[in-house]
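Hi,

Here is the structure I promised to pass on. Have a look at it first, then read my notes below.

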Amino acid sequence: MSSSDRGKDLAEGSSRSPGDQSITTPSRYESQKRRDWNTFNQYLRNQRQPIPLSQCNGNHVLEFLGYLDQFGKTKVHLQGCMFYGQPEPPAPCTCPLRQAWGSLDALIGRLRAAYEENGGSPETNPFASTAIRVYLREVKECQAKARGIAYKKKQKKASPSTGDDDSSSTGFLSFS
């Protein structure tokens, strides 16, 4: 096995030894994706009327995300809270804990990939629906306001005419 193959194996989370090509350990991402997929499928099965995956839509995904909020660890201040808009409040309050936007965004990305890996078509992927994108954007904006964090788009830097400047904006948002 060449050093580039070993590097590739490490990057992919593989634990193969040079003489053993059959034993692999899934990467952290792959393990989490499988756990998330199993959790979502269990959620569908546990509904009063179990929902077959083939009938799952964006509304079921939104209900699942709402269900997950009860396990959240991120304090999201309500508008009437005296700490609304403060990133580091000086005292505790009774505002609810929610799933953080970043966690939800990563979860949807993993479930979107798992859906297609498990035979779903990209055209019917409920995790890729417009409703989910709108929901995630609203959660992000709401949590940013409640926690006093301003998200601003990165300004595009003037790039040389060669066009190979990797430091230009990629559309990611940053804290300010």
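Predicted model: local features only at pLDDT ≥ 70, side-chain atom pairs only at ≥ 80, totals over all residues.

Residues are numbered from 1 along each chain as its sequence is written, and side-chain values use heavy atoms, with hydrogens and water left out.

F127 also turns up in the largest nonpolar core, which has 20 residues; F127, F40, V61, F64, L65, I108 and L111 touch the most other members. (Such a core is a set of buried Ala, Val, Leu, Ile, Met, Phe, Trp, Tyr and Cys residues joined through side-chain atoms within 4.5 Å; buried means under 20% relative accessible area, with a 1.4 Å probe and protein chains only.) At least two core residues come from each of α2 (28-45), α3 (58-68), α4 (101-117) and α5 (130-147), and α4 gives the most, six. Helices here are DSSP runs (H or I, at least four residues), numbered from the N terminus.

Now α2: its buried residues are S31, K33, D36, W37, F40, N41, Y43 and L44, and α3 and α4 are among what covers them. The axes of α2 and α4 (lines fitted to C-alpha atoms over the stretch in contact, with angles from 0 to 180 degrees between N-to-C directions) come within 9 Å and cross at roughly 80°. The two helices are therefore roughly perpendicular (65 to 115 degrees).

Cheers

Terms used. Buried < 20%, exposed > 50% of the residue type's maximum accessible area, 1.4 Å probe, protein only. Contact = heavy atoms within 4.5 Å. Parallel < 35°, antiparallel > 145°, perpendicular 65-115°, else oblique.
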